[in-house]
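Colleague: Hello! I have not looked at this structure before. Could you walk me through it?

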Amino acid sequence: MKYRVKHTTQYDYSEPVTFCHNKANLTPPDLPSQRCEMNRVEIRPAPSVSIQRKDYFGNTVTFFSMHEPHRKLTVTSHSLVEVRDPGPVDPAATPPWESVRDNLRTNRSHELLHAYQFVFDSSYVRLTSALGEYAAASFPPGLPILAGALDLMARIHGEFEYNPEATDIATPLETVLAQRKGVCQDFAHLQIACFRSLGLAARYVSGYLRTIPPPGRPRLVGADASHAWLSVFVPGAGWIDLDPTNNRICGSDHITLSSGRDYDEVSPIRGVILGGGLQAMSVSVDVAEA
Amino acid sequence: MGTAPTSQSDSSSPGLPAVDWKTDGAYDELYESAGTLRPHWRPLLDGIGRIGVAEFTDRWDEARRQLEDNGVTYNVYGDQRGTSRPWQLDPLPMLIPAAEWSRIEEGLSQRARLLELILQDLYGEQRLLKDNVLPPEIVFANPSFLRPCFGIDLPGRRWLQLYSCDLGRSPDGSWWVVADRTQSPSGSGYALENRIVISRAFQDIFRDCRVHRLASYFKTLRESLQALAPAHRDTPRVVLLTPGPFNETYFEHSYLARYLGFTLVEGADLTVRDNAVYLKTLEGLQPVDVILRRLDDTFCDPLELRGDSLLGVPGLVQAAQAGKVAIANALGTGLVETPALKPFLPALCQHLLGESLKLPSVATWWCGQEEALRYVLDHLGELVIKPAFPQAERGPVFGDRLSAAALAELADAIRARPFNYVAQESINLSAAPVWANGRLEPRHFAFRSHLVGTGADDYSVMPGGLTRVTASWDTLVVSMREGGGSKDTWILSETPVAPVSLLPPPGEALTLRRAGRDLPSRIADNLFWLGRYTARAEEVTRLLRGTLIRLTDETGQELRSELPVLVGAIRGLLDGTAPSPFAVPADKPEALETYVSHAIFDADGPTSLKGLLDALRQGAWTVRDRISVDSWRILNRLDHDLAPPRPGDEAPWGEVLIFLNEMIVHLAAFSGMAMESMTRAHGWRFLEMGRRLERASATASLLRCALVTVHDPEDPILSGVLEVADSSMTYRSRYMNVLQAVPLLDLLLVDESNPRSVAFQLALLSEHVDHLPRDEQQSARSTEQRLALDLLTRLRLADMTTLAQAGRPGSRHIRRAKLDVFLRDISEGLLALSDAVTQNYFSHSRPARQLTQRRIETLTTYASPDSL
């Protein structure tokens with residue numbers, strides 16, 4: 001499936017911003033099941049400096065600064081991305097979750113060592129005993145890892161209410177867990193925390209969903225903005241993407257933009273401004289079949 | 001190791017101080033065995049014996065005064081008045097003999113090389129993890145592993161340009177590393193200040209003891225930092241980045257910046273443009289080549305590191321990645337401070353250097369390993385438990401102080417996330433002598449060493465360092481925060497020591513420099529306000545003195561008619577209200593005296609003299625490195641013992657009057673010092689402009705308060721004004737004892753030869769604004785030039801006889817309406833001038849938002865929500 005993606009972020013300020021420094025994660029990567037054929041990040045007004053570099057996780061990051069006063073900043077990313085459904089994985093055929101945990105701890109192969117860094121706390125994912133208890137219910141001894149992961153995802157989907165009013169970026173996971181409400185970002189962080197509490201590796205993925213569903217299929221939640229889900233490491237199968245907001249293994253409807261330990265490392269745009277007064281931000285995402 | 005006799009003099013040396021000595025099993029630094037000194041202490045103690053205890057004490061008292069005068073402090077965070085905790089220094093240096101030192105030195109530089117190689121690997125190939133030499137948790141679970149700094153191609157390829165290490169000595173006499181300091185090590189400046197104080201106070205003893213000098217270390221430090229510059233190799237600009245005056249070691253930042261000749265800057269003084277770092281100065285942006293940072297890693301860049309920190313420089317990581325600026329130490333070096341690394345250092349040393357580790361670390365178990373975890377759980381009650389990763393906000397826990405229940409809880413927490421914990425043995429640190437009331441007493445001590453990277457993968461060790469001692473013998477916690485003290489550290493040489501100086505050798509041609517081109521705008525702003533506060537304090541003090549003299553003269557008579565005028569002028573200066581005489585209610589004659597007491601002692605903000613002095617000292621703190629040591633001494637003397645009189649005092653204002661008289665002298669001394677010792681660079685001009693603006697407006701305000709309403713008789717008022725304005729003598733020499741408004745106005749308003757007149761201030765202001773840096777392209781006068789010239793011209797053209805004319809003759813309240821309008825316009829013009837200077841020089845945000853705001857810049861960090 002091939003998509004044309006247009007992702008626009010606009011900031012309006014009540015007073016001029018005299019300079020700003022920004023970091024944008026707006027370039028889709030090439031992955032085993034994804035190929036980015038084209039990407040262009042347009043910035044208005046034209047930045048004084050703009051360069052791209054790969055970050056620690058391999059994401060292409062655009063750094064740009066403006067040194068002239070401006071009252072409006074618009075960043076638009078245009079991409080042409082081909083996504084292939086990675087195909088089904090039989091959960092029963094995946095290894096027991098304890099063996100995955102032990103393997104991560106002891107195996108120093110390139111693949112496992114790389115995965116191991118997604119086992120530990122990060123800015124937005126801090127473990128608590130309540131999170132550990134919540135996770136444990138889905139992972140009885142000896143259960144194949146993917147079977148447990150799917151059960152956990154189904155529980156989150158079933159027990160948590162999708163509610164954009166309930167949380168913001170700063171809401172800690174304990175609160176999300178206690179109030180059983182949140183948005184895709186919270187559900188992704190929550191399931192990541194559950195995996196990590198068991199010593200399993202999970203990472204955060206930001207990306208897009210196709211806007212218009214295939215004929216006869218429901219429109220997915222999160223399709224009109226950027227979306228977030230997570231990826232769990234399963235030896236033998238690699239990273240498997242799970243979308244707890246929609247309770248499904250990601251296929252060709254999910255377009256990956258970037259991945260890291262949590263939202264903090266992959267937020268689409270992050271910046272520091274001088275001046276500006278009040279600011280208003282609007283985001284629009286358009287994903288069309290190409 | 002032995003225990004010396006207690007409470008007796010060493011009988012072999014008659015002039016020696018008494019000792020009160022015990023070591024309780026700790027290594028004894030002073031005695032080899034009972035009554036036998038370790039030989040390397042002999043020259044020092046003989047030296048003290050030679051001058052005698054009395055002389056030693058005298059010299060030490062003098063040196064302590066010097067320390068206080070120099071304002072050497074260690075700030076304690078969270079302490080409101082914490083900017084003034086004095087530095088604790090013991091007169092007895094710690095001594096380390098030559099042979100022992102050379103072993104320590106080798107161990108230190110080996111350790112620095114090792115940590116450097118570890119950093120290079122972990123921020124690059126990570127072979128240590130792949131080859132299973134180091135458990136990956138120590139890196140991956142560590143918040144000090146800064147992924148944005150991964151793979152930076154460093155200028156000079158060195159991560160660890162500076163390295164410090166805390167050493168202690170265990171009961172068997174061997175040295176152990178207690179902690180590694182790798183991101184922005186502090187202490188070298190305090191070590192230097194300690195050395196300067198001690199070597200001056202005990203010059204003769206110091207010379208006889210053959211002590212290695214510290215200057216060579218600082219010379220190497222300066223040269224090696226300059227050598228890091230990626231560009232401008234001939235004249236690199238090096239800045240010292242400080243978190244600001246409230247940081248605990250701010251004294252050291254400003255001290256080192258001055259000693260090394262680097263510009264002291266805060267994050268807001270720097271800006272990243274085109275991936276390079278610039279210093280915001282009065283003359284525009286100046287490129288910065290090297291940053292010596294005293295900010296912790298994560299605070300350095302709100303864009304890529306901690307988003308909630310506004311101490312850093314947005315875009316700094318990107319500038320480092322682009323190779324446009326060198327940072328010492330490189331961002332990310334905090335990684336190897338983790339105590340979890342310590343158990344692996346012996347193996348890492350073999351692996352990376354092919355050598356065995358020369359300086360062992362204090363016994364440390366990282367609970368991420370099963371064997372270590374078992375040991376720790378079995379011995380929990382004897383160990384010190386710490387977070388494995390220093391950023392975790394938990395302090396050390398001493399197992400022997402925990403209840404059984406608390407121990408069980410701790411064990412559970414460790415079992416749940418073992419890799420987050422380390423356990424260490426607590427060392428019974430050795431006993432060093434301190435000077436306590438003329439006797440020698442033991443204290444536990446630890447020693448902080450300092451290293452700087454030199455060319456070719458090597459390190460140079462400071463021959464000395466900062467010795468810290470416990471607050472008492474009964475504690476093992478060595479911390480300045482907890483009230484511990486410090487010592488100079490003498491590394492003894494077996495041969496005579498050649499003096500080294502940071503000054504260039506004779507004969508070397510110096511590049512001539514004129515100061516002032518890189519004055520940060522923030523500093524100019526602070527100097528301007530320092531000038532204003534100093535002048536305001538001086539005016540208020542003079543007014544208060546005049547008031548108190550009149551109040552104490554009172555012997556049951558009516559209030560003297562000039563008192564409401566003087567007090568009204570005080571209130572105008574302190575509260576910023578329009579000047580008018582103080583109205584004394586008929587039924588509350590004590591209201592005036594109550595207000596005077598408030599105006600002196602009330603501590604809330606600068607609406608009292610006390611508050612003003614606090615603001616003045618705070619302001620001076622922010623520009624410490626721009627003020628001469630002597631000026632600083634004067635500022636330090638400003639508020640000794642200012643307490644309100646108690647009710648029922650015989651002469652309630654007597655003491656206060658003495659204080660005010662001293663204040664006038666100190667403030668005049670400070671002004672004089674600035675006049676005589678500051679170079680006429682921009683910094684001086686801003687200090688001066690602040691002072692001139694303040695005095696002009698204070699004088700205008702006093703005249704308005706005193707002369708607009710014509711009193712009958714007017715003599716006492718005119719006489720009071722002349723006294724406060726320090727112009728009585730001049731007036732009398734011109735007009736004898738005939739007091740009249742016209743000649744007084746002439747003298748205080750327009751006589752440009754009188755340094756107290758308004759016109760005198762404006763003539764100077766006009767000259768200062770002409771010399772400010774400005775856009776050369778502009779030929780027209782700047783706003784501040786026009787304003788100053790306009791005010792000066794108005795004064796020059798004014799006719800005093802006209803201004804002094806009073807309306808409504810015969811009425812009880814005769815007003816000089818023209819004078820009122822004239823003086824009001826002058827005051828408003830002065831305000832506009834101050835705003836123009838603020839807007840054009842102190843703000844780099846274009847356009848400035850509000851003229852009245854002092855801090856116009858605000859940084860905001862934002863991130864786009866990823867939800868929905």
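This is a predicted model: local features need pLDDT of at least 70, side-chain atom pairs count only at pLDDT 80 or more; totals for chains, interfaces and linings use all residues.

The questions and answers below go through the two chains in turn.

Colleague: What radius of gyration does chain A have, and why does it agree with a compact globule?
Modeller: The C-alpha atoms of chain A fill a box of roughly 60 × 45 × 40 Å along the principal axes. A compact globule with 290 residues would have a radius of gyration near 19 Å, so the value for chain A agrees. That value is 19 Å.

Colleague: What share of the residues of chain A count as buried?
Modeller: Buried here means under 20% relative accessible area. Chain A exposes about 11000 Å², with carbon and sulfur atoms supplying 52% of that area. Of its 290 residues, the share that count as buried is 57%.

Colleague: How far apart do the centres of the positive and negative side chains of chain A lie?
Modeller: Chain A has 27 positive side chains and 31 negative ones. The centres of these two sets lie apart by 4 Å.

Colleague: Turning to chain B, what percentage of its contacts with a separation of 6 or more come from residues 24 or more positions apart?
Modeller: Chain B has 868 residues, and 57% of them count as buried. It contains 26 helices and 26 strands. Among its contacts with a separation of 6 or more, residues 24 or more positions apart account for 71%.

Technical notes
Residues are numbered from 1 along each chain as its sequence is written. Chains are lettered from A and ligands numbered from 1 in the order in which they are written. Side-chain values use heavy atoms; hydrogens and water are left out. The radius of gyration is taken over C-alpha atoms; the globule rule is 2.2 Å times the number of residues to the power 0.38. Buried means under 20% relative accessible area, exposed over 50%, partly exposed in between (1.4 Å probe, protein chains only). Accessible areas come from the Shrake-Rupley method with a 1.4 Å probe; for residues, only the protein chains shown count as cover. Lys and Arg count as positive and Asp and Glu as negative; His and the chain ends are not counted. The place of a charge is taken as NZ of Lys, CZ of Arg, CG of Asp or CD of Glu. Helices (H or I, at least four residues) and strands (E, at least two) are DSSP runs, numbered from the N terminus. Contact means heavy atoms within 4.5 Å.
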